[in-house]
Amino acid sequence: MSEPERPGRLVVVAGPTAVGKGTVAAYIREHHPQVWLSVSATTRPPRPGEIDGVHYFFVDDAEFDRMVDDGELLEHAVVHGRASYGTPRAPVEAAIAAGRLPLLEIDLQGARQVRETAPDALFVFLAPPSWDELVDRLVGRGTETEEERAARLETAKVELAAQREFDVTIVNDDVERAAAELVSLMESQAR
Ligand code: 5GP
């Protein structure tokens, strides 16, 4: 008889805008296949190279609202006042039940909602090496307009102050190193 699967512990990583959460998540998707990375639904349009069902489920407002109404999302939020993002609930529950290493990379508002519904999850704050570094990254990315950048900077200030709400902080000084620290933390948390 095979061993019953032990449920995995849900890990939620959040942090300020432009800290590199997406880059760390992409690195983990590529290099750490033992981690099950949740695919969010979003109403924002795909960027070049983004694949529906891999990077996000790209949906319109009506479909997003339907998912919310039908209780299909574990959490959801409007990010930067522009687009809606949410975590499909069923795949996360299946990954936990199957004993995978389930990871959500979401914004702070979403992390707070997950804390309400799944308080035994582990909450990891991804921090920039310094405030100056965060500003450099925000401005250097060059994918946003001036107005969007100002809005992101304002969001980042508020989000940096949220570090104390989290169980663990990982400094994103280097993507590969930060990803390795997060994955080994996840492996040590597996039940
Ligand atoms: P981007 O549009 O650059 O891919 O992501 C923008 C922001 O949305 C990031 O801060 C990311 O963490 C957040 N995000 C991505 N998926 C979700 C989700 O399912 N829920 C929430 N609350 N935020 C998300």
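Predicted model: local features only at pLDDT ≥ 70, side-chain atom pairs only at ≥ 80, totals over all residues.
The structure has three aromatic pairs. For Phe 125 and Phe 166, the ring centres sit 5.2 Å apart with the planes at 65 degrees, so you're looking at an edge-to-face pair. Colour by secondary structure and you'll find Phe 125 in strand 8 (residues 122–127), while Phe 166 is in the loop between helix 6 (146–160) and strand 9 (168–171); the pair therefore ties together parts that are 41 residues apart in sequence.

Select Tyr 56, Phe 58 and Tyr 85, which make up one aromatic cluster.

Then try Arg 115 together with Phe 123. Arg 115 lies over the face of the Phe 123 ring, at 4.3 Å from the ring centre.

Last, go to strand 7, residues 101–105. Which strands pair with strand 7? Show strand 1 (residues 11–14): strand 1 runs parallel to strand 7, and three bridges join them. To find one of the contacts, pick Val 12, whose bridge partner in strand 7 is Leu 104. Then show strand 2 (residues 35–37), which is also parallel to strand 7 and joined to it by three bridges. Here, click on Val 35 and look across to Leu 101, its bridge partner in strand 7.

How values were computed: Residues numbered from 1 in each chain as written. Heavy atoms only, no water. Pairing = 2+ DSSP bridges. Helix = DSSP H or I, 4+ residues; strand = E, 2+ residues; numbered from the N terminus. Phe/Tyr/Trp six-rings, centres within 6.5 Å; stacked < 30°, edge-to-face > 60°. Lys NZ or Arg CZ within 6 Å of the ring centre and 35° of its normal.
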